[in-house]
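Hi,

Here is the structure I promised to pass along.

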Amino acid sequence: CCRHRCGTRVKMSPPLFSLPEARSRFTSSIRDALNSKTIKLLLTAFNQLPGSENEKKCTLDQAFRGVLEEEIIIQASSESFLAIISLAINGVTEGICTASTPFVLLGDVLDCLPLDNCDRIFTFVEKNVTTWKSNTFYSAGKNYLLRMCNDLLRRLSKSQNTVFCGRIQLFLARLFPLSEKSGLNLQSQFNLENVTVFNTSEQESTLGQKHIEDKDEGMEGIEEGEMGDDETPTSCSIPIDYNLYRKFWSLQDYFRNPVQCYDKSAWKTFLKYSDEVLAVFKSYKLDDTQASRKKLDELKAGGEHVYFAKFLTSEKLMDLQLSDSNFRRHILLQYLILFQYLKGQVKFKSSNYVLLDEQSLWIEDTTKLVHQLLCETPTVGDRFSKMIEHILNTEENWNAWKNEGCPSFVKERPVESKLSRVLRKRPAPEDFLGKGNNKKIIMGNEELTRLWNLCPDNMDACKAESREYMPTLEEFFEEAIEQAVPENMVESEYKVVNNSNYGWRALRLLARRSPHFFQPTNQQFRSLPEYLENMVIKLAKELPPPSEEIKTGEDDEEDNDALLKDNSESPDVRHQKPVTGEQIESFANKLGEHWKILAPYLEMKDLDIREIESDSEDVHMRARLLLVAWQDREGPNATPDNLIAALNTARLSDLAESLANDTENQ
């Protein structure tokens, strides 16, 4: 070739990247690095292979998973798995691996190993929590770790692997910050799956005379001197029968779902059962302090700890449980937690969940009784009661923090303002500053001088009433309120709320003068005029009526006002009053499961219906939410007549007739 003859150099193309060769080279390098316990061999292989950095990283990630797969197949030890994962962590630190590789390897190992071996792997995960929280790993691995922990929790048994489950929860608490949304339970939901199972059939009960006979037979086999005087349980004045057993364990359903206490019938049941159980606690004496300390010393000497994730609800254990101080503390503490929720302010609690005065007084008295029982419970009852009170007071701070939307605890340091350099200014003439004989400020122009000296004091000029350009709510919305009255028969297209310019000015005025503008609401508006009409109706209720000077003095209007004021004389006008909260509560219990049939006839969208279904599983609560949403949307038009018309249209004539009778009787 002529180019070779002339001595011209030929530029050689770089070697191409080969996936099989690179994977084979990386696999052997990983083996060598594991044997030598150093990453230098793997770094050398990474730098020598051709190809882009992204190609080599992806290939090395696959090689790591391949080596780990071979170790899992041959059932290698946990130390071998952890060595591979540690090598991958070093690879991420050196920049030759993807940041998610160690988490993928951990997930593969935990998915393939039995639960007994997962404990050793998770111990490694716990020790490296500072590594996972570093900037290199946190953003890439937090979702992997969360998914891995949730998979483990699904495999573990909460009753048999209680300690392991608790370690996983503690690890997640250490890994994620306090403001992490996934661990805050923002909507204050309860674990309704935690159901306490007990014997609900009295025929199958072993309590009663048979239980007493069995107990007497068991006592005959105990030799004299085995049970001292200090360990003899004192009998209770209230007999331990099936009724007490059933009422005692039925209270766990209220502790599981405290919302039931807002229902009148459920509250009566809870009140009755609680009074009886607390009376038993008050009359049933516990083991004395000396015997309890003796048992604690025996447990400490034995070194064995027994964990029970669920209550043991056997009827044969009832007598022993009532005389156990730790068991009593569990139950009394559940009461205090329940009372704190019922009295506390929770952001996502329904507006209908309000305690009556009688309920509040009972809770206050019962709280004092519970603390008294805790103080009487050995050992160190006074100290335990004060500690629980302190913990619950601290919990109030957390509730307030969640109600505020969980703002960040990290506060940015304010930027230190630099001191501006003070410049010396040339003194101005006295006449120019208005300090002369006539105290007139000269602006250099006759017209500007005249305007400026109308009010020489700038602050007084700004405070002048003539500069108050913002109208009052009464003045601005007067026309809109008149047009919103149905008797004026103003068509929708001619209302001022449909004017975009008027709507823009109305929003600015509401933001400055009306508290309703920033209040949260579940009601959704499709357009600005619809929102303004709703606000006009609210303002019409709050603003004072027009003065006598504004009235036109026409006899017809005065007669109409007199008719509107005297609602008691006309039953038709009385029916036009909006429904009250008591009517909604009463009718929601009757509506029940038919709420979904009525919803479309109240012009509820499918999205609103799905939200109501997700908010509660109780049909009566869903009916109540439907009626409250309809009342919020309709405002003064949410009358019993309109609701009766919707019921008739939905072919619920029985309910419509019942509502009409209730309305006439009121």
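Helices here (H or I, at least four residues) and strands (E, at least two) are DSSP runs, numbered from the N terminus.

Before the rest, the ground rules. This is a predicted model, in which local features need pLDDT of at least 70 and side-chain atom pairs count only at pLDDT 80 or more, while totals for chains, interfaces and linings use all residues. Residues are numbered from 1 along each chain as its sequence is written, and side-chain values use heavy atoms, with hydrogens and water left out.

The overall picture: the chain has 32 helices and 0 strands. Of its 666 residues, 34% are buried. Buried means under 20% relative accessible area, exposed means over 50%, and partly exposed is in between (1.4 Å probe, protein chains only). Contact means heavy atoms within 4.5 Å. If you take the contacts between residues at least 6 apart in sequence, 71% of them join residues at least 24 apart. The chain's accessible surface is about 44,400 Å², and carbon and sulfur atoms account for 51% of that. Those areas come from the Shrake-Rupley method with a 1.4 Å probe; for residues, only the protein chains shown count as cover.

Glu 603 has a phi near 60°, a positive value in a residue other than glycine. Its relative accessible area is 61%, so Glu 603 is exposed.

In α29, Asp 608, Ile 609 and Ile 612 are buried. Down the helix axis they fall within an arc of 100°, so they line one face of α29. The arc is that of the directions from the helix axis to the C-beta atoms. As a reminder, an α-helix has 3.6 residues a turn, so residues three or four places apart point the same way. The face of α29 turned away from the buried side carries the exposed residues Asp 606, Arg 610 and Ser 614. As for partners, the buried residues of α29 pack against α28 and α30.

Next comes α30 (residues 619-634). Its 16 residues should span 22 Å at 1.5 Å a residue, and the end C-alpha atoms are 23 Å apart, which agrees. The expected span is 1.5 Å times one less than the number of residues. Met 621, Arg 622, Ala 623, Arg 624, Leu 626, Leu 627, Val 628 and Trp 630 are buried in α30. Their cover includes α27 (581-591), α28 (595-598), α29 (606-615) and α31 (640-649). Just after α30, Gly 635 takes a positive phi of about 65°.

In α31, the buried residues are Pro 640, Leu 643, Ile 644, Ala 646 and Leu 647. They cover an arc of only 160° around the axis, which puts them on the same side of α31. Just after α31, Arg 651 takes a positive phi of about 65°.

A few spots elsewhere in the chain:

- Lys 37, in the loop between α2 (19-36) and α3 (40-48), has a positive phi of about 55° although it is not a glycine. Lys 37 counts as exposed, at 77% relative accessibility.
- Thr 59 is in helix α4 (residues 53-73) and is buried, with a relative accessible area of 2%. Leaving aside neighbours within four places in sequence, Thr 59 is in contact with Phe 17, Leu 19, Ala 22, Arg 23 and Phe 26.
- Ile 240 lies in the loop between α11 (209-220) and α12 (242-256). Ile 240 is partly exposed, at 23% relative accessible area. Not counting residues up to four places away in sequence, Ile 240 touches Leu 207, Tyr 284, Met 318, Asp 319 and Leu 322. Ile 240 and Leu 322 are 82 residues apart in sequence and 9.8 Å apart in space, C-alpha to C-alpha.
- The peptide bond from Pro 378 to Thr 379 is cis, with omega near -5°. Thr 379 lies in the loop between α17 (357-376) and α18 (381-403).

Cheers
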